[in-house]
Amino acid sequence: MTNLARKLRVVDYFTLGWGTMVGVGWLVVMDDWLLRGGVLGAILAFAIGGALLLPIGYVYGQLVTAMPDAGGEVAYTAKVFPRSVSFATGWMMILSYFIVCPWEAVAVGRIAGYIFPSLDSMELYRIAGRPVYLPHVIIGLGLTALLTILNYRGVRLSATFQNWTAFGTLALFVVFVTFGVSKGSPRNFPPLFTHSGFVSVLLVLQIVPYFMTGYESVAKAAEEASPEFRSGRFLTAIWMAIIVGILFYTIVIAATSYAAPWKELTNQKFMTAVAFERAVGSRWIVSVILAAALLSLFKVFNGNLLAASRLLFAMGRRRLVDARVGAVHARNQTPSVAVTCVGLATAACMFLGDAILVPITEVGSVASAAGWLAACAAYYRMGPAPGRRFVAAMGVLVGLLMILMKTLPGIPGHFSEYEWLALGIWSFLGLGLGWRERMHK
């Protein structure tokens with residue numbers, strides 16, 4: 001049997017974890033974050049939400065060290081729970097990774113249209129009142145094909161691409177934040193909250209899991225660690241990803257709001273870029289921001305494609321879904337069938353256009369939290385030392401609260417009928433695939 005190639009180092013795991021977490025939400029939906037909670041509400045939500053993930057990150061670090069399996073949550077839950085729980089957990093986590101891929105495929109068209117307005121032409125159709133343009137579709141399909149081929153050919157190629165785009169994003173981030181803040185003013189901050197303090201933080205906190213999902217993707221590539229890799233470094237990579245993620249999000253929210261009066265800019269396309277352009281008074285900083293956004297988009301797309309394909313591959317290998325997706329390419333040593341499936345599904349879903357962007361963040365948040373809860377519950381059931389059991393219990397509680405604050409009807413910002421529909425369709429699809437596989441046994 002051909003195994004996956006073992007070529008990843010600790011820096012690769014950091015750029016996978018952080019790179020899969022931070023995409024282009026800070027450019028594309030900054031207006032949504034600020035309208036939900038205001039400046040302080042958004043900053044506190046990302047700081048609190050990120051800090052709550054540290055115990056969950058610790059649990060993942062322990063689990064991946066003990067069980068370096070591409071299935072991640074599927075393998076952990078299979079150890080102590082029935083097969084149905086393992087399948088449901090894996091299926092939800094595939095959604096949390098996969099759904100980011102068409103999100104980014106659509107976003108690259110929007111960014112390209114901002115740079116070259118002539119691309120916002122040749123309207124094909126509208127979904128929920130949002131136009132879908134032919135040039136956007138072509139660009140998104142091109143990027144999807146490129147990253148699918150990259151991941152098909154080898155994990156070292158994918159990891160090198162991830163490293164360059166991740167560190168390139170961070171370097172450009174430092175440049176535009178430094179120049180933008182030097183021209184801003186604290187007078188631009190108000191309103192600090194858009195609702196009461198609690199509700200403002202809550203409304204942003206509900207979508208934080210979606211934008212912080214990715215640190216646990218480290219586990220999905222655990223089988224591909226180089227022979228010299230020391231297993232204790234999995235936790236190092238996971239915690240570094242979470243901490244750098246918290247810093248990135250809180251700084252970019254604060255800097256954007258400091259650069260210009262954000263309340264006046266929420267009707268602008270890509271208000272982050274507009275705020276810095278107004279502060280500096282020059283177009284060059286917009287070019288830097290858009291370059292950072294494109295690099296960030298490439299890495300988050302690549303990282304989520306890698307994570308989703310490894311999880312799908314592991315489920316195929318365990319015969320939770322069609323066993324053919326559990327195949328490994330003989331020469332490339334990649335899960336080639338799973339990579340191809342994720343690439344084709346991304347290409348199909350991106351035809352939904354801009355209408356999918358914000359609602360998907362809601363569904364993705366719940367899917368991620370469900371996976372985190374299941375992983376922590378599995379670790380708790382494995383009976384580690386009392387201190388570690390307490391951390392696992394904290395992780396279960398955090399995951400449960402993140403699910404409840406989106407699904408309970410009385411809580412501001414709970415699921416709408418469209419989000420329930422999307423979650424229902426995905427669950428129904430999973431039940432169908434799982435039943436089909438059981439019938440073929």
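User: Hi! What kind of model is this, and how are residues numbered?
Analyst: This is a predicted model, in which local features need pLDDT of at least 70, side-chain atom pairs count only at pLDDT 80 or more, and totals for chains, interfaces and linings use all residues. Residues are numbered from 1 along each chain as its sequence is written, and side-chain values use heavy atoms, leaving out hydrogens and water.

User: Which helices do the buried residues of H1 pack against?
Analyst: They pack against H8, H10, H11, H12 and H14. Contact here means heavy atoms within 4.5 Å. Among the buried residues of H1 are Tyr-13, Phe-14 and Trp-18.

User: New topic: at what angle do H7 and H8 cross?
Analyst: The axes of H7 (residues 134-153) and H8 (residues 155-182) cross at roughly 130 degrees and come within 5 Å. Axes are lines fitted to C-alpha atoms, for helices over the stretch in contact, and angles run from 0 to 180 degrees between N-to-C directions.

User: And which residues make the contact?
Analyst: H7 gives Leu-147, Leu-150, Asn-151 and Arg-153, while H8 gives Leu-157, Ser-158 and Phe-161.

User: Which residues touch the most other members of the largest nonpolar core?
Analyst: Trp-26, Trp-33, Tyr-76, Phe-176 and Tyr-215 do, out of 142 residues in that core. H14 gives the most to this core, with 19 residues. A nonpolar core is a set of buried Ala, Val, Leu, Ile, Met, Phe, Trp, Tyr and Cys residues joined through side-chain atoms within 4.5 Å.

User: What does Trp-26 touch?
Analyst: Not counting residues up to four places away in sequence, its partners include Trp-33, Phe-176 and Phe-248.

User: Where is Glu-73, and is Glu-73 buried or exposed?
Analyst: Glu-73 lies in helix H4 (residues 73-80) and is buried, with a relative accessible area of 0%. Beyond residues up to four places away in sequence, Glu-73 touches residues including Glu-216 and Lys-220.

User: Last one: where is Val-39?
Analyst: Val-39 is found in helix H3 (residues 30-66) and counts as buried at 2% relative accessibility.

Notes:
Helix = DSSP H or I, 4+ residues; strand = E, 2+ residues; numbered from the N terminus. Buried < 20%, exposed > 50% of the residue type's maximum accessible area, 1.4 Å probe, protein only.
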